Amino acid sequence: MCSGGIFLPAEIGCEAPILSWQHGTESNDNGAPSNVGNNYNDLIGVIGAANGYIVTMSDFIGLGEGEGIHNYVHADTEASSTIDLIIYGKELATELLGISPSDQLFLFGYSQGGHATMAAVKEIESNYSDQLSITASCPMAGPYSMSEAQRLMLESGEPYPNPGYLPYVLFAYDKIYDLYDNLNDVLKPEYVNLESMYNGEYDMWEINYEMWSM
């Protein structure tokens with residue numbers, strides 16, 4: 001199951017364009033867009049809807065009301081969850097408020113959301129061009145080169161301000177691809193218990209602090 005947030009305009013008197021926001025790295029379910037009233041995503045949703053947009057914000061699989069660890073920076077499911085919510089948001093706007101969606105679609109995101117935005121654009125252009133037409137996209141500050149630039153940075157041995165990102169990728173990709181049989185095969189003993197902190201109850205700063213203190 002994948003959850004998300006949708007913000008709708010009211011009484012705009014014209015067709016409404018769609019604005020799809022992809023959030024940055026988040027490990028706490030309370031920071032997911034579906035938790036309306038608890039995080040910065042609300043501001044984007046309110047401003048967008050107030051300016052006449054149908055605003056959709058996927059939590060991405062595993063965050064918010066989802067089950068299990070979040071599929072962190074996994075392009076296929078970032079794209080599918082983003083696209084599914086765009087399509088559902090258009091239908092909901094018509095059914096709930098009688099709003100007709102326009103053909104304009106704007107996608108933007110930051111950090112992980114930049115990665116998700118680029119993944120969604122690629123998927124729409126490849127497989128959804130008969131349903132969705134992209135007007136503009138803005139993927140910002142995403143980890144676009146995971147196997148090259150990101151790998152070189154990790155192998156450099158230089159201090160990294162967000163060490164919690166690496167186990168996040170490891171645990172998420174194991175969930176999806178079954179990478180290992182035992183955590184002790186891929187992590188030093190002192191880091192094995194980290195997996196329990198990716199259960200949706202901890203912020204990234206708490207995970208980073210735990211790793212800094214090891």
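Colleague: Which residue in strand 3 stands opposite Ile6?

Modeller: Thr56 does. Keep in mind that this is a predicted model. To read a strand pair, look for the bridges and the direction. Here 4 bridges join strand 1 to strand 3, residues 54-58, and the two run antiparallel.

Colleague: Which side chains of strand 1 point to which face?

Modeller: Follow the strand residue by residue. Along residues 4-7 the side chains alternate. Gly5 and Phe7 point to one face and are buried.

Colleague: Is Ser27 buried or exposed?

Modeller: Check the relative accessible area. Buried means under 20%. Ser27 has 2%, so Ser27 is buried. Ser27 lies in a loop, between strand 2 (16-22) and helix 1 (41-50).

Colleague: What does the side chain of Ser27 reach?

Modeller: Look for polar atoms first. The Ser27 side chain reaches the backbone oxygen of Tyr202 at 2.6 Å. A polar atom of that side chain also lies 3.1 Å from the backbone nitrogen of Met204. Then list the contacts. Leaving out residues up to four places away in sequence, Ser27 touches several residues, including Leu63, Tyr168, Gly200 and Ile207.

Colleague: Where does Trp205 lie, and is Trp205 buried or exposed?

Modeller: Trp205 lies in helix 6, residues 204-212. Trp205 has a relative accessible area of 57%, so Trp205 is exposed.

Colleague: Which residues form a nonpolar patch with Trp205?

Modeller: Tyr209 and Trp212 do. The patch is on the surface, and the three residues together have about 450 Å² of accessible area.

Methods:
Residues are numbered from 1 along each chain as its sequence is written. This is a predicted model: local features need pLDDT of at least 70, side-chain atom pairs count only at pLDDT 80 or more; totals for chains, interfaces and linings use all residues. Side-chain values use heavy atoms; hydrogens and water are left out. Patches are made of residues with over 30% relative accessible area and no salt bridge: like charges are joined within 9 Å, nonpolar side chains (Val, Leu, Ile, Met, Phe, Trp, Tyr) within 5 Å. Accessible areas come from the Shrake-Rupley method with a 1.4 Å probe; for residues, only the protein chains shown count as cover. A salt bridge is a side-chain nitrogen of Lys or Arg within 4 Å of a carboxyl oxygen of Asp or Glu. Buried means under 20% relative accessible area, exposed over 50%, partly exposed in between (1.4 Å probe, protein chains only). A polar contact is a pair of N or O atoms within 3.5 Å; within protein, one must be able to donate a hydrogen and the other to accept it, and residues adjacent in sequence count only if both atoms are side-chain atoms. Contact means heavy atoms within 4.5 Å. Two strands pair if DSSP finds at least two bridges between them.
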